[in-house]
Amino acid sequence: MGNACYYSVEKLLSSSLLSKNLKVRIYKTVILPVLLYDCETWTLTLREEHRLRVFANKVLRKIFGVKRDEVTGEWRKLHNTELHSLYSSPNIIRNIKSRRLRWAGHVARMGESRNAYRVLVGRPEGKRPLGRPRRRWEDNIKMDLREVGYDDRDWINLAQDRDRWRAYVRAAMNLRFPYESIKRVKKRISNSDQTKHQNSKWKESFKDPKLIPDLPRKSEFRLITGHDCLSKHLRRIGVLNSPKCLLCTREEDMEMEHLANCETLRAFVDLPSKYWEARRMMSLLYENPDPDLKKLKRSCNHDNKSYCCAAIKLLMRISWTTTEGDASEIETLGHVLGACPYGESLRIHRHHAIRTKLADSLRKLKYTVYGEVHGTADNGSNRHIDIIAIIESLSKGIIIDPTTRFETYKGQPENVHEEKRAIYVPTIPYYEDKYQLHDISVTGLMFGARGTIPNLSFQFCKTLELHKSFLNELVLLIIRESVKLLRNHLYGL
């Protein structure tokens, strides 16, 4: 049925007249409902999950087309990772698992008078045939819960708590990588710090439900992976010379196991509270000029104390991450909103939302608007413009490329405008011939990632007679999408 539905709209998905945003909407509203009909009751094996992923990738490749290789210059299909970055929604397997968990919770809360509940808890009579048992629907439920951190067998009692079960359903939908991968990370860290006899203790850190990253609690995730910005981690990345705890006199490495017994943090009961208090106290230590803290000053690699304070403040506020390539940079607000690879798909979604909003407003003003139009520059290279707005009565056109950047310096909007002109001015003869126009101008519109509208962009919108209500709605749209980026970065796993 899924293939039949796909081939019925294949021409629409490959059409150059429809935007990619509209094609994705067709995929979500036409193909996915047919493909995932009754998926809540499916019992999937790994082979079947692989076949579903292959089908979903086939549809997405049809939507997003091919890409020109920067090295060879040849056209090639998009890789799976490139598809996932372009397609901002959860993949098809995450969708199935989330729906299956939602339905499982609904069945578990039914009374014994309901047939669905009796089938769930009933046990058939007789002997099972020889051989490995076939995978059951309940086995899939337990595997899905194990991925998000719940390893208890009695999941039916857990489903009675609607709020807690809903958190697991959301975690299954938005899981960035499986819980088993988190365990492997933790085991690798333990192997590097402990003897072989002690390596089995790494499993104990997952028995306490407070330590499991099943809810959006970044503190718990950081503690489990060792990426916690405490002394041991700061020593590993070269900020401190010693991994010992600076808050007490126990002379132990400052990590998750130590926080539970740290004398200074006895007033706090749960581990996440101890973690945030430890980070707060460490930041205060670096700002406090008390002479009793000489050992803390000596532990710093740099002679310039102000430099150390600035670095530690940033480390205490957020963490470190690895960007594309081998470089690392501090996770400032500008990095999260503008460069971090974890939020690339959401930034693409924010760009599409702004472009769609601008194009719809121009159509209301009787402009003829085309989006995502392919073109060719003078040197034969390909270009894709976001918007071209045409005034048919004057045979004039405007190539508009809206972009969202984190505001860093005063002349940034003008630089963005010149950058876009350098890209799209060579395509003007192509579009003049294509649309039979006498004059085409190029404008690069910059909007701030924090909702600011630069004066250059404001004056351009005023020239096009866009109403102030449009700018108000655009600001709210940008802020909403940027908040999604931050939430995904802080709480997404």
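Leaving aside its neighbours within four places in sequence, with which residues is aspartate 401 in contact? In this predicted model, those residues are Asp386, Lys420, Tyr424, Thr443, Gly444 and Leu445. The points below describe aspartate 401 in strand 7, isoleucine 388 in strand 6, and helix 6 with the two helices that meet it, helix 8 and helix 4.

**Aspartate 401**

- Aspartate 401 belongs to strand 7, which covers residues 396-405.
- Its relative accessible area is 4%, so aspartate 401 is buried.
- Tyr424, one of the residues in contact with aspartate 401, also takes part in a polar contact: the side chains of aspartate 401 and tyrosine 424 come to 2.7 Å.

**Isoleucine 388**

- Isoleucine 388 is found in strand 6, residues 382-391.
- With 0% relative accessibility, isoleucine 388 counts as buried.
- Apart from neighbours within four places in sequence, isoleucine 388 is in contact with Thr368, Val369, Tyr370, Val373, Ile398, Ile399, Tyr431 and Tyr435.
- Ile398 is among these contacts; the C-alpha atoms of isoleucine 388 and isoleucine 398 are 5.5 Å apart, and the two are separated by 10 residues in sequence.

- The N-terminal end of helix 6 is capped by asparagine 91, with a side-chain oxygen 3.1 Å from the backbone nitrogen of isoleucine 93.

**Helix 6 and helix 8**

- Helix 8 (residues 137-147) packs against helix 6 at an angle of about 110°, and the axes are 10 Å apart.
- The two helices are therefore roughly perpendicular to each other, since angles of 65 to 115 degrees fall in that class.
- The crossing of helix 6 past helix 8 is left-handed.
- On the helix 6 side, the contact involves Arg94, Lys97, Arg100, Leu101, Trp103 and Ala104; helix 8 contributes Trp137, Asn140, Ile141, Asp144, Leu145 and Glu147.

**Helix 6 and helix 4**

- Helix 4 (residues 46-64) and helix 6 cross at roughly 125°, their axes coming within 9 Å.
- That angle makes helix 4 oblique to helix 6.
- Ile92, Ile93, Ile96 and Lys97 of helix 6 meet Glu49, Leu52, Arg53 and Ala56 of helix 4.

Technical notes: Residues numbered from 1 in each chain as written. Predicted model: local features only at pLDDT ≥ 70, side-chain atom pairs only at ≥ 80, totals over all residues. Heavy atoms only, no water. Polar contact = N/O pair within 3.5 Å; in protein donor to acceptor, adjacent residues only side chain to side chain. Helix = DSSP H or I, 4+ residues; strand = E, 2+ residues; numbered from the N terminus. Axes fitted to C-alpha atoms, helices over the stretch in contact; angles between N-to-C directions. Parallel < 35°, antiparallel > 145°, perpendicular 65-115°, else oblique. Left-handed = near helix turned anticlockwise from the far one by under 90°. Contact = heavy atoms within 4.5 Å. Buried < 20%, exposed > 50% of the residue type's maximum accessible area, 1.4 Å probe, protein only.
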